[in-house]
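Try each task yourself before you read its solution.

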Amino acid sequence: KATHTGDINLVDALKAPATNRRSISPVMPFSIVWTPEGKIIYEHLTTALDRFEGNTMGKVAVFGLLETAGISLSNNVGDPIVTAQQKFNRFLNGPAQVYSKPEDVPSWWESKAVGAETNDM
């Protein structure tokens with residue numbers, strides 16, 4: 001739960017004045033995989049367990065918060081716009097990365113899909 005009390009300005013691309021709307025996201029599974037040395041090698045945030053729960057149109061995490069602030073963005077796997085945004089952000093070496101560089105994908109990872117690319121398995 002959160003309340004949108006401050007203005008949003010995401011690198012001058014997305015802006016939203018404070019709405020004071022309360023954000024209630026659906027429950028979502030979340031998992032992290034560590035190496036024996038304690039290094040995180042995979043972090044997974046999935047979709048809502050019940051997309052009708054809460055008031056974020058079934059969106060979770062940052063997408064749910066933005067939805068409540070009036071910035072509705074797609075976050076669907078396979079969405080070509082989401083994938084293009086992730087690739088462009090990777091190209092610019094933006095501060096938040098969700099699209100892996102090929103050399104950063106571990107050898108045990110079997111899929112060729114990264115970020116929001118369509119599943120290939």
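The exercises below go from confidence to one residue and then to a ring pair.

This is a predicted model, where local features need pLDDT of at least 70 and side-chain atom pairs count only at pLDDT 80 or more, while totals for chains, interfaces and linings use all residues. Residues are numbered from 1 along each chain as its sequence is written, and side-chain values use heavy atoms, with hydrogens and water left out.

**Exercise 1.** Find where in the chain confidence is lowest and where it is highest.

Solution. pLDDT is the predictor's confidence in each residue, from 0 to 100. The chain averages 87, and 100% of the residues score at least 70. Strand β6 (residues 40–45) has the lowest mean, 80, and strand β4 (residues 22–23) the highest, 94. Strands here are DSSP runs of E with at least two residues, helices runs of H or I with at least four, numbered from the N terminus.

**Exercise 2.** Is asparagine 89 buried, exposed or partly exposed?

Solution. Start with the cut-offs: buried is under 20% relative accessible area, exposed over 50%, partly exposed in between (1.4 Å probe, protein chains only). Asparagine 89 has 24%, so it counts as partly exposed. You'll find asparagine 89 in helix α2 (residues 80–92).

**Exercise 3.** Classify the one aromatic pair in the whole structure.

Solution. Rings of Phe, Tyr and Trp (its six-membered ring) pair if their centres lie within 6.5 Å; planes under 30 degrees apart are stacked, over 60 edge-to-face, the rest tilted. The rings of tryptophan 108 and tryptophan 109 have centres 5.8 Å apart and planes at 75 degrees, so the pair is edge-to-face.
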